[in-house]
Amino acid sequence: MRQLTEIMCIAALLLCGCTKNKNEDAIRVMCETMCEQYPASTLQDVYKTCFQDFFGGKHMQAELVMARKYLDEELASCAGEDLSSMPEREETGFRHRFVRVNLSQVLEGKMTADELFNLFVDAAGDDHAYGDDWPSEWAEIEAVALRVHPEWADEELQGQLREAASLNRAVRHSDAFREAYHPHYRLARR
């Protein structure tokens, strides 16, 4: 019986290690891909995509009336912009639970504003949080991201992001990301 218990404990430890390594590998690939596609990315942009992947659009749920108004205003304001610096659809985070749908889809007539907004509302429901421990999730992501890209280290920003994580709070894209890529999108379920 003791041997069986020891074997089960070893198996449990190995399984936990495999999950951690799987997350670490996925986070590493996400960071590498992000830097290839968006060289101006910062740790703040990693936080943003992973927060979106963890929660979906849940942070917008209470503000859906305003969210529709913002969508209409954003569509009007970016109608003349070149939105091709971001793909039409792009997976979030390292688990890829959601996608960012570029507003170009509406502007080019591939979907209506109502269709995009309905996808966004669906991604904002209560049942879309991946878990209930975002601060721990962020701590793991941050550690891997900084091993992959040590140049992202910024004590002040890291402190701000840890505080945001402790409050389950979303952040905006970094100024560098917004200036370089002009992101205009809404989240949808994958």
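**Labels and cut-offs**

Tutor: Let's start in a loop: H96 sits between β1 and β2 (98–102). Helices (H or I, at least four residues) and strands (E, at least two) are DSSP runs, numbered from the N terminus. This is a predicted model, where local features need pLDDT of at least 70 and side-chain atom pairs count only at pLDDT 80 or more, while totals for chains, interfaces and linings use all residues. Residues are numbered from 1 along each chain as its sequence is written, and side-chain values use heavy atoms, with hydrogens and water left out.

Student: Why is H96 called partly exposed?

Tutor: Buried means under 20% relative accessible area, exposed over 50%, and partly exposed in between (1.4 Å probe, protein chains only). H96 has 28% relative accessibility, so H96 counts as partly exposed.

Student: And what is the phi of H96 near?

Tutor: Phi of H96 is near 60°, a positive value in a residue other than glycine. H182 also has a positive phi, near 45°, and is a residue other than glycine. H182 belongs to the loop between α8 (175–181) and β3 (185–189).

Student: What label does H182 get for accessibility?

Tutor: Its relative accessibility is 39%, so H182 counts as partly exposed. A176, in helix α8, gets that label too, with a relative accessible area of 35%. A176 and D45 are 131 residues apart in sequence, yet 9.5 Å apart in space, C-alpha to C-alpha.

Student: How many helices and strands does the protein chain have?

Tutor: Eight helices and three strands. From the N terminus on, they run α-α-α-β-β-α-α-α-α-α-β. Of the chain's 190 residues, 42% count as buried.

Student: What makes V46 buried?

Tutor: V46 lies in helix α2, and its relative accessible area is 0%, so V46 is buried. Contact means heavy atoms within 4.5 Å. Not counting residues up to four places away in sequence, V46 touches M30, C31, M34, W138, I141, A145 and W152. V46 and T92 are 46 residues apart in sequence and 9.6 Å apart in space, C-alpha to C-alpha.

Student: Is F54 buried or exposed?

Tutor: F54 is also in helix α2. With a relative accessible area of 3%, F54 is buried. F54 and R95 are 41 residues apart in sequence, and their C-alphas are 8.3 Å apart in space.

Student: What share of the contacts joins residues at least 24 apart in sequence?

Tutor: Among contacts between residues at least 6 apart in sequence, 80% join residues at least 24 apart.

Student: How do you know that the span of α7 is close to the expected one?

Tutor: The expected span of a helix is 1.5 Å times one less than its number of residues. Helix α7 (residues 155–166) has twelve residues and reaches 16 Å from its first C-alpha to its last, close to the 16 Å expected. For α6, with 15 residues, the reach is 21 Å, close to the 21 Å expected.

Student: Which residues of α7 are buried, and why are they said to be on the same side?

Tutor: L157, Q158, L161, A164 and A165 are buried in α7. They cover an arc of only 125° around the axis, which puts them on the same side of α7. The arc is that of the directions from the helix axis to the C-beta atoms. In general, an α-helix has 3.6 residues a turn, so residues three or four places apart point the same way. On the other side of α7, E155 and E156 are exposed. What covers the buried residues of α7 includes α2 (43–55) and α6 (134–148). In α6 itself, the buried residues include W134, W138 and I141.

Student: What makes a pocket a pocket?

Tutor: On a 1 Å grid over the protein atoms alone, a pocket is an open set of points where a 1.4 Å probe fits, with protein on both sides within 12 Å along at least five of seven lines; lining residues have an atom within 4 Å of a point. Grid points are joined across faces, edges and corners, and a volume is the space filled by probe spheres set on the points. The second largest pocket holds about 250 Å³. Of its 13 lining residues, M30, T33, E91, G93 and H96 are the closest to its centre. The elements giving two or more residues to this lining are α1 (2–37) and β1 (89–91), and α1 gives the most, with six residues.
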